[in-house]
Amino acid sequence: MFEKQHLTLGEFIIANQDSFQYSSGELSRLLNGIRLAAKVVNHEVNKAGLVDIIGTAGEMNIQGENQQKLDVLANEKFIQTLKNREIVCGIASEEEDDFISINSFDENHQNKYIVLIDPLDGSSNIDVNVSVGTIFSIYRRVTPVGTPVTLKDFLQPGKNQIAAGYIIYGTSTMLVYTTGNGVNGFTLNPALGTFYLSHPDMKYPETGKIYSVNEGNYIHFPQGVKDYIKYCQMEEGDRPYTSRYIGSLVSDFHRNMIKGGIYMYPKSSVAQNGKLRLLYECNPMAFLAEQAGGKASNGFRPIMEIEPTELHERVPFFCGSKKMVEKVEEFIQA
Ligand code: AHM
Ligand code: MG
């Protein structure tokens, strides 16, 4: 047996393969593919300040936002790695208009997993040296194996997720993921290029003292959200809370999971469904949050119960320590 603190990510994946209900080694290969792509992207993100690689690529993505060069690169690296290793039958990316079908005309192609990915989230932070992240989400396809994937395979509710996780390119690079058996975090030793289990069985504190929201949008928020923000700022009991907002979902989520807190991206009078994407951002984070004892909601119902209707759909998002999410729901539903 390995000492827990000395386990590498590769060893951990193998060690846990058998505890996975549908174990066939396929998911392990897929997670190993993500591990490899994460290392490549980490290398690129880290040298961003050194070479002339930052700046916009001059293209707009499907969301109408300026794409940074590193987004494009991260997108390519993840897609390439997953394609080359022939471990998935389909990929959808926040940076691509449509999903990608892999080996769609090969009847012998037995792969049953699809991946949804936000290759580099929080990309407005890249050129100011602030942490960004990759978010991924894995499902089993619902259409028959050996046929081309269809939109139906991608439009599954979050509760169908098999695995989800993120990579945070921060002061250290970490990979945090769940396969439905709790959440484990691995830190990259850059000298060796190896991820080590550093945060076993991560748990959200039941409640916390941090709220994370873009308060610049306050005036546009629904009344319930405004009232909750005022509640956070009120001097009573353990309040006022601390406001912390990086503007990089992975980083804000990671801090709140460790310290206790809530992340909010509400709908507003200028953005009917908020900003975050259900499939690429909210569902994977919701799966991680619930596996860590936290909660994720659109203000009315659990994120993972929402039936998606389109690939790039957006939803209001409230995620964090259980008691805090329940409190904001109370305000929203009042
Ligand atoms: P992106 O996918 O274009 O990077 O946008 C997602 C990011 C999140 O990481 C972050 O929490 C949010 O957008 C910040 O948005 P805002 O600047 O509106 O507060
Ligand atoms: Mg994003």
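These legends describe close-up views of a predicted model. Residues are numbered from 1 along each chain as its sequence is written, and local features need pLDDT of at least 70, while side-chain atom pairs count only at pLDDT 80 or more. Side-chain values use heavy atoms, leaving out hydrogens and water.

**View 1. Helix H1 packs on helix H2.** H1 covers residues 9-17 and H2 residues 26-46; helices are DSSP runs of H or I with at least four residues, strands are E runs of at least two, and both are numbered from the N terminus. The axes lie 10 Å apart at an angle of about 165°. Axes are lines fitted to C-alpha atoms, for helices over the stretch in contact, and angles run from 0 to 180 degrees between N-to-C directions. H1 is therefore roughly antiparallel to H2 (under 35 degrees is roughly parallel, over 145 roughly antiparallel, 65 to 115 roughly perpendicular, the rest oblique). Leu9, Gly10, Ile13 and Gln17 in H1 touch Ser28, Leu31, Asn32 and Arg35 in H2 (contact: heavy atoms within 4.5 Å). By class, this contact holds 3 nonpolar, 4 polar and 1 charged residues.

View 2. H5 spans residues 223-233 and H8 residues 322-333. Their axes come within 7 Å and cross at roughly 130°. From H5, Gly224, Val225, Asp227, Tyr228 and Tyr231 take part. From H8, the partners are Met324, Lys327, Val328, Phe331 and Ile332. The contact residues divide into 7 nonpolar, 1 polar and 2 charged.

**View 3. An open sheet has 5 strands with mixed pairing.** The strand order is E12-E11-E13-E15-E14. Two strands pair if DSSP finds at least two bridges between them. E12 (242-243) and E14 (295-297) are the edge strands, each pairing on one side only. Inside the sheet order, E11 (residues 210-212) and E13 (residues 261-265) pair in the parallel sense over 3 bridges. Ile210 stands opposite Gly261 in E13. Helix H7 (residues 278-291) lies across E14 and E15 (317-320), and runs at about 25° to E15.

**View 4. Phe12 and Phe186 form an aromatic pair.** The count comes to 11 aromatic pairs; rings of Phe, Tyr and Trp (its six-membered ring) pair if their centres lie within 6.5 Å. Here the ring centres are 5.0 Å apart and the planes stand at 70°, so the pair is edge-to-face (planes under 30 degrees apart are stacked, over 60 edge-to-face, the rest tilted). Phe12 lies in helix H1 and Phe186 in strand E9 (residues 183-189), so the pair ties together parts that are 174 residues apart in sequence.

Notes. Chains are lettered from A and ligands numbered from 1 in the order in which they are written. Ala, Val, Leu, Ile, Met, Phe, Trp, Tyr, Cys and Pro count as nonpolar, Asp, Glu, Lys and Arg as charged, and the others, Gly among them, as polar.
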